[in-house]
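Please open the model in your viewer and keep the selection panel at hand.

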Amino acid sequence: MHYLYHIPGKKIGVTRNLNKRVTEQQGYASDEYEVLLTSDDIDYISNMERELQKSYGYKVDITPYNKLIKSKSMNINVTEQTSTFPVPLNKLKGRLLDNMGLIWETPHGTFRITKDNIPWIMANARTSMFNSERCYVYNKALSASYSIFTTEKVVEPTSLSVYDKIRTWANDKGIYDKGDTRTQYLKLMEEVGELAEAILKENKPEIIDAIGDIVVVLTNLSRMENLKIEDCVESAYDIIKDRTGTMINGTFVKTSTPLTFSSYTGSVNYNQKQTL
């Protein structure tokens, strides 16, 4: 995720790490700058940076952000056994951070540099015996480690689902590191309350917003329980897809068990053998 930030009266810039770039390197506290825009599209946010620099009257960067970052891209050399990075071990972490999202293919699968797997790569990378300016990891070990630091499959950026985008956003915001399922549940109740209010008002835009927020919270709550919302929905559908029943007072009521207590008439059906 790229952040387009604004330090009022000073500058507009783009970074992937606000704390490191703006706070640690430039010395500004979180209340001294604002985030104007976030995006995974490096070309889009690079163009917006230059446009806003012009609009606010700041000096426009000579080298666009996307050109600057792409000039640091790594050409990872892949063999049957290893993936070799074209940097020495002591500079690997910085280069990995510069190439967040970079995808490469190996005989053991497709990998993408993420915030989650950089620590593993750094812990397991070894200096090449043929060139001290290069380092490598074993592809098979990297493939096996994915089950440890992520529950999600690596996919091409163009094929990311909306749930993948939500999880990426939440991970970047630190929700998975600092939040928990209890706070997400409270957030869910808050959003459900907003949905109820929107329905009573018959306010369609607010209904859309509330439903979307509920899905976002459920996506994050699922992830915190080491689940995927897609699997939860699929499981629910597998249960209901063959269910039979009747619409009663605007609600679908599933076919009853042998002993049926009717909540809408107060009657009991004894036509079948009673089982308790």
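Predicted model: local features only at pLDDT ≥ 70, side-chain atom pairs only at ≥ 80, totals over all residues.

Residues are numbered from 1 along each chain as its sequence is written, and side-chain values use heavy atoms, with hydrogens and water left out.

**The sheet**

Begin by selecting the open sheet of 4 strands, whose order is β4-β5-β9-β8 with antiparallel pairing; strands are DSSP runs of E of at least two residues, and helices are runs of H or I of at least four, both numbered from the N terminus, while two strands pair if DSSP finds at least two bridges between them. At the edges are β4 (77-78) and β8 (126-127), each of which has a single partner strand, so one side of each lacks a neighbour in the sheet.

Next, select β5 (residues 82-85), which is joined by 4 bridges to β9 (residues 135-138); here F85 stands opposite C135, and S83 has V137 as its bridge partner.

**The cores**

Now show the largest nonpolar core, a set of 16 residues in which F85, L92, L96, I121, V137 and L142 touch the most other members; such a core consists of buried Ala, Val, Leu, Ile, Met, Phe, Trp, Tyr and Cys residues joined through side-chain atoms within 4.5 Å. Helices α4 (92-98) and α5 (118-124) and strand β9 each supply at least two of its residues, and α5 gives the most, with 3. Apart from this core lies another, of 8 residues, among them I42, I45, L52 and Y65.

**Salt bridges**

Finally, turn to the 8 salt bridges found in the whole structure, each a side-chain nitrogen of Lys or Arg within 4 Å of a carboxyl oxygen of Asp or Glu. Select D177 and K115, whose side chains meet at 3.7 Å, N to O; D177 lies in helix α8 (residues 175-178) and K115 in the loop between β7 (109-112) and α5, 62 residues apart. D177 counts as exposed at 56% relative accessibility, whereas K115 is partly exposed at 39%.

Methods:
Buried < 20%, exposed > 50% of the residue type's maximum accessible area, 1.4 Å probe, protein only.
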